[in-house]
Amino acid sequence: MPFMPEPDPDPWQLRRLNGPQDFGSVKELATNPIGDRIIGAFFSQGQETVDFHSFVRILAHFRPLDKNRAKRPDSPEPINSRISKLRFAFQLYDQDNDGKISRDELLQVLRTMLEMQVTEEQLESIADRTIQEADLDGDNAISFDEFRKSLEKVNIEHKMSSRFLH
């Protein structure tokens, strides 16, 4: 008799993805310099699996915004809105979750993204100039509001959108 897997006691419960290694096989994440941070966004501290609801919630940040859809005044901010996309991007930089991007956090991302393309001195200069330009309150860090204001002219909706189904 052929092996038959035991039926799932709850057919509506979706299978969990096992750890970051499952996401590492996605080409776009594997080749993205901050792919590890994006993958990390799917998992809570110490968590090795992600349920379907959490998976879809994170993926929704990358869904293009439907500009033809009317927004009701009493509805919450869509997870794929500009502000939500910016919050998600901000969290990729703010690794200690203190609500600010420090020079060290910015340097970590720059090192990852630029790797061997520039010297350490150039990286430090880029980080210093970025903080100098974005830091409006003079605390030598970038708050979410400062981050948002510094990206006002960037088409974040396009840069953080991906069509999964064609």
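Predicted model: local features only at pLDDT ≥ 70, side-chain atom pairs only at ≥ 80, totals over all residues.
Me: What makes the 16 residues a nonpolar core, and which of them touch the most other members?
Reply: A nonpolar core is a set of buried Ala, Val, Leu, Ile, Met, Phe, Trp, Tyr and Cys residues joined through side-chain atoms within 4.5 Å, where buried means under 20% relative accessible area with a 1.4 Å probe and protein chains only, exposed means over 50%, and partly exposed lies in between. In the largest such core, Leu86, Ile101, Leu106, Ile142 and Phe147 touch the most other members. Helices H5, H6, H7 and H8 each give two or more residues to this core, and the largest share, 4 residues, comes from H7.

Me: How do you know what Phe147 is in contact with?
Reply: Contact means heavy atoms within 4.5 Å, and, leaving aside neighbours within four places in sequence, Phe147 meets this for Leu86, Ala89, Phe90, Tyr93, Ile101 and Ile142.

Me: Why is H6 called a helix, and how does its reach compare with the expected span?
Reply: Helices are DSSP runs of H or I with at least four residues, while strands are runs of E with at least two, numbered from the N terminus; H6 has 12 residues, so it qualifies. The expected span is 1.5 Å times one less than the number of residues, and the 16 Å reach of H6 is close to the 16 Å expected.

Me: Which residues of H6 are buried?
Reply: They are Glu105, Leu106, Leu107, Val109 and Leu110, and the buried residues of H6 pack against H3, H5, strand E3 and H7.

Residues are numbered from 1 along each chain as its sequence is written, and side-chain values use heavy atoms, leaving out hydrogens and water. Local features need pLDDT of at least 70 and side-chain atom pairs count only at pLDDT 80 or more, whereas totals for chains, interfaces and linings use all residues.
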